[in-house]
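Reader: I would like to go through this model term by term. Please set each label against its definition.

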Amino acid sequence: MRTGLKEIFTALVDDDVPVAFQGCDGSVTGPRSPIATVEVPSPAAVGYIVTAPGELGLARAYITGAIEVHGDLHAALQVLHDHRRRNVTPGQLLRLARGIDPRLLRRPRVPPEEAIPAWLRGLVRHTRRRDAAAIAHHYDVSNRFYELVLGRSMAYSCAVFRSADTPLDNAQAEKFDLVCRKLDLRPGQWLLDVGAGWGGLVRHAAAHYGVKAIGVTLSQAQVEWTQAATARAGLARSVQIFRLDYRDLPNRAFDAICSIEAMEHFGSSELGRYFTSMAGHLRPGGRMLNHCITRPSNCERHRTGPFIDRYVFPDGELEGPGTIIAAMHDHGLELRHTENLREHHALTLREWGVNLERYWRHAAAEVGERRARVWRLYMALSRIGFETDRVQIHQMLGVRLDTRGCSAMPLRPSWEHQHQTRTSELSANGTGSRPTDSRRHDSVLPTDPGDAVRPAER
């Protein structure tokens, strides 16, 4: 009896899965009222799955359209994972595929959106050149695409929700303000943002707290967008953004430092150098807020899976929270507070997914159908990861002690008590802007964009 495509589907998931299946060979299976339907419009899907068993083959099939999911992708992936058969071997899949058509055992062409394997990127991870290439792969795609997905805040990091139905822009503004409150920013201080993205945090800090802010990123597209947005906001004298590797920062101390979901790109082997550098760029009593995605424990592998590594964040690495805390303590920073925002990131990904679907036609036209499908899959899978505690996200607040061991910290955290005052202030004047120092100040980094670029390219 000839094997049908549905036999491969039923070999991968159990009989109770509430998802229907339709194959291009006419085979169907599943409940009458499914929550979603998996369609295989092309037999190439089998080749992807058989030649790269696991998440990479399934991802390639979805990204190329050889597999389609009709219905809520997030809900479908969740139940497919819950009902997967854990004892299926590659050999079983090979036999099933051979029963359909032996030609399906040939490896299909890898989608051009896929990065080369890590072992082909070089023997040494996290060199300046390799990190810059990894950042460009993900961020230098299209600023317009990110505008559609991220919303007005242009914040590509976990928001902070007061409730599950808080609008995304409000939640991102709350995240910006929470970081500023934890850092205890004051007018006239200097703030450094490592991995500043599109500059939302540094603009918020300058507009609402009167600081002078420096942001550094390895993405040229982010630099150009942020410079234009900063000029439109009238903050060009208070905010500067540079394309620069944190390892090439000039020898200068700041009053506060933040790094929001940038450390994931630096690598486990670089944690000591990273925190030593941050402590070295803080004045005594200065605070650093490190906001990063983590593993749930220190016992898990720090490198990401093949789908994330090839399509989303090449060379990305996630450590356990204890590993990061130890690195902070061992390299010049005393930890004073940490909190897990795991559920908040699940809600953030939910809202990004809603935006992507709302503007799907424009987003796909901007970056191409396959790359848009990468994002759709990445956000749905990541949302499940945060919901089910496969990944977490932590804000860790450290301080550089002075020579006598003084932290200059209050006896109890004050940022939550400040929240009501800040909310009232923001509501009273519509923007919450505090007077900023409009006097011209000297740049602490190179003013020639070429000077800022060259160190990161060595």
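Reader: Let us start with one residue. In which strand is Gly 23 found?

Author: Gly 23 is found in strand β1. A strand here is a DSSP run of E, at least two residues long, and a helix is a run of H or I of at least four, both numbered from the N terminus. This is a predicted model: local features need pLDDT of at least 70, side-chain atom pairs count only at pLDDT 80 or more, and totals for chains, interfaces and linings use all residues. Residues are numbered from 1 along each chain as its sequence is written, and side-chain values use heavy atoms, with hydrogens and water left out.

Reader: Why does Gly 23 count as buried?

Author: Its relative accessibility is 15%. Buried means under 20% relative accessible area, exposed means over 50%, and partly exposed lies in between (1.4 Å probe, protein chains only). Gly 23 therefore counts as buried.

Reader: What makes β1 largely enclosed?

Author: Strand β1 covers residues 19-23, and four of these five are buried, so the rest of the structure largely encloses it.

Reader: Which residues does Gly 23 touch, leaving out those up to four places away in sequence?

Author: Leu 5 and Val 40. Contact means heavy atoms within 4.5 Å. Gly 23 and Leu 5 are 18 residues apart in sequence, yet their C-alpha atoms are 5.8 Å apart. Val 40, in β3, also stands opposite Gly 23.

Reader: How do you know that β1 pairs with β3 and with β2?

Author: Two strands pair if DSSP finds at least two bridges between them. β1 and β3 have five, in the parallel sense. β1 and β2 (residues 28-29) have two, in the antiparallel sense. Both pairs therefore meet the definition. In β2, Val 28 is the bridge partner of Gln 22. The hairpin of β1 and β2 has four residues between the strands, and Gly 26 there takes a positive phi near 90°.

Reader: Why is one side of β7 and of β10 left without a neighbour in the sheet?

Author: The open sheet has seven strands, in the order β7-β6-β5-β8-β9-β11-β10, with mixed pairing. β7 (239-243) and β10 (334-340) stand at its edges with a single partner strand each, so one side of each has no neighbour in the sheet. The twist averages 15° from one strand to the next. Angles run from 0 to 180 degrees between N-to-C directions, and axes are lines fitted to C-alpha atoms, for helices over the stretch in contact.

Reader: In which sense do β10 and β11 pair?

Author: β10 and β11 (residues 392-399) pair in the antiparallel sense, over six bridges. Asn 340 stands opposite His 394 in β11. Helix α10 (residues 220-232) packs on the sheet and touches β6 (212-217) and β7, its direction making about 165° with that of β7.

Reader: What makes helix α2 mostly covered?

Author: Six of the eight residues of α2 (residues 44-51) are buried. They are Ala 45, Val 46, Gly 47, Tyr 48, Ile 49 and Val 50. These pack against α1 (5-12), β3 (36-40), α3 (55-63) and α5 (90-100).

Reader: Which residues touch the most other members of the largest nonpolar core?

Author: Among its 78 residues, they are Tyr 156, Leu 183, Leu 185, Leu 191 and Trp 375. Such a core is a set of buried Ala, Val, Leu, Ile, Met, Phe, Trp, Tyr and Cys residues joined through side-chain atoms within 4.5 Å. Helix α16 (residues 369-387) gives the most to this core, with nine residues.

Reader: Why is the pair of Tyr 146 and Trp 375 called edge-to-face?

Author: The centres are 5.4 Å apart and the planes make 80°. Rings of Phe, Tyr and Trp (its six-membered ring) pair if their centres lie within 6.5 Å; planes under 30 degrees apart count as stacked, over 60 as edge-to-face and the rest as tilted. The pair is therefore edge-to-face. Tyr 146 lies in helix α7 (residues 143-150) and Trp 375 in helix α16, 229 residues apart. Both are buried.

Reader: How do you know that Arg 373 lies over the face of Tyr 62?

Author: Arg 373 is at 4.2 Å from the ring centre. A charge sits over a ring if NZ of Lys or CZ of Arg is within 6 Å of the ring centre and within 35 degrees of the ring normal. Arg 252 likewise lies over the face of Phe 254, at 5.0 Å from the ring centre.
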